[in-house]
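Take a look at the protein below and turn it around a few times.

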Amino acid sequence: MSKLSEDDIEKRLLQFPEWEYYEDAIHAEFEFDNFKDCFSAMSRIAFDCEALNHHPEWTNVYNVLTITLTTHSENGVTDKDFKLAEAIEAIVEPEDD
């Protein structure tokens, strides 16, 4: 898996409006109704992290989840980061059926 160019990252981010690119990583912040909902989302995200063998840098303060994704072995953003971002989006921003 190779590091994506800045142009490729910016193009892919058009599909992820919650995410920003800086410091060789993509970042997002999600706000929930309460701590329980935030922690529940983190627990569900953890299963996708394990399945993809890719783990975020994240923090949780009450109802806010802050996530940073980067592929350390490539010193930047790769396809792996966008796959995990997509999985995270499906959990925290589910589409209405």
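Rings of Phe, Tyr and Trp (for Trp, the six-membered ring) count as a pair if their centres lie within 6.5 Å. A search of the whole structure, which is a predicted model, turns up 3 aromatic pairs. To describe such a pair, you give the distance of the ring centres and the angle of the planes. Here are two of the pairs:

| Pair | Centre to centre | Angle between planes | Type |
|---|---|---|---|
| Phe 16 and Phe 82 | 5.7 Å | 50° | tilted |
| Trp 19 and Phe 30 | 6.0 Å | 70° | edge-to-face |

Where do Phe 16 and Phe 82 sit in the chain? Phe 16 is in the loop between helix H1 (6-13) and strand E1 (19-22), while Phe 82 belongs to helix H3 (residues 79-92). That makes them 66 residues apart, so this pair links distant parts of the chain. Both Phe 16 and Phe 82 are buried.

Now for the other pair in the table.

Strand E1 has a covered face with Trp 19 and Tyr 21, and an uncovered face with Glu 20 and Tyr 22. Its partner is E2: the two strands run antiparallel and pair over 4 bridges. One of the residues to look for is Tyr 21, whose bridge partner in E2 is Ile 26. Together E1 and E2 make a hairpin with 2 residues between them, and Glu 23 in the turn has a positive phi of about 50°.

Next, check out the surface. Phe 35, Phe 39, Val 61 and Tyr 62 form a nonpolar patch there, with about 440 Å² of accessible area together. Tyr 62 is in the loop between strand E3 (57-61) and strand E4 (64-69). Is Tyr 62 buried or exposed? Tyr 62 is exposed, with a relative accessible area of 51%.

Finally, zoom out. The protein has 3 helices and 4 strands, and along the sequence they follow the pattern α-β-β-α-β-β-α. The radius of gyration is 13 Å, close to the 13 Å that the globule rule gives for 97 residues, so the protein is as compact as a globular protein of that length. Its C-alpha trace spans about 35 × 25 × 25 Å along the principal axes. Of the 97 residues, 40% count as buried.

Note on methods:
Residues are numbered from 1 along each chain as its sequence is written. This is a predicted model: local features need pLDDT of at least 70, side-chain atom pairs count only at pLDDT 80 or more; totals for chains, interfaces and linings use all residues. Side-chain values use heavy atoms; hydrogens and water are left out. Rings of Phe, Tyr and Trp (its six-membered ring) pair if their centres lie within 6.5 Å; planes under 30 degrees apart count as stacked, over 60 as edge-to-face and the rest as tilted. Buried means under 20% relative accessible area, exposed over 50%, partly exposed in between (1.4 Å probe, protein chains only). Patches are made of residues with over 30% relative accessible area and no salt bridge: like charges are joined within 9 Å, nonpolar side chains (Val, Leu, Ile, Met, Phe, Trp, Tyr) within 5 Å. Accessible areas come from the Shrake-Rupley method with a 1.4 Å probe; for residues, only the protein chains shown count as cover. A salt bridge is a side-chain nitrogen of Lys or Arg within 4 Å of a carboxyl oxygen of Asp or Glu. Two strands pair if DSSP finds at least two bridges between them. The radius of gyration is taken over C-alpha atoms; the globule rule is 2.2 Å times the number of residues to the power 0.38.
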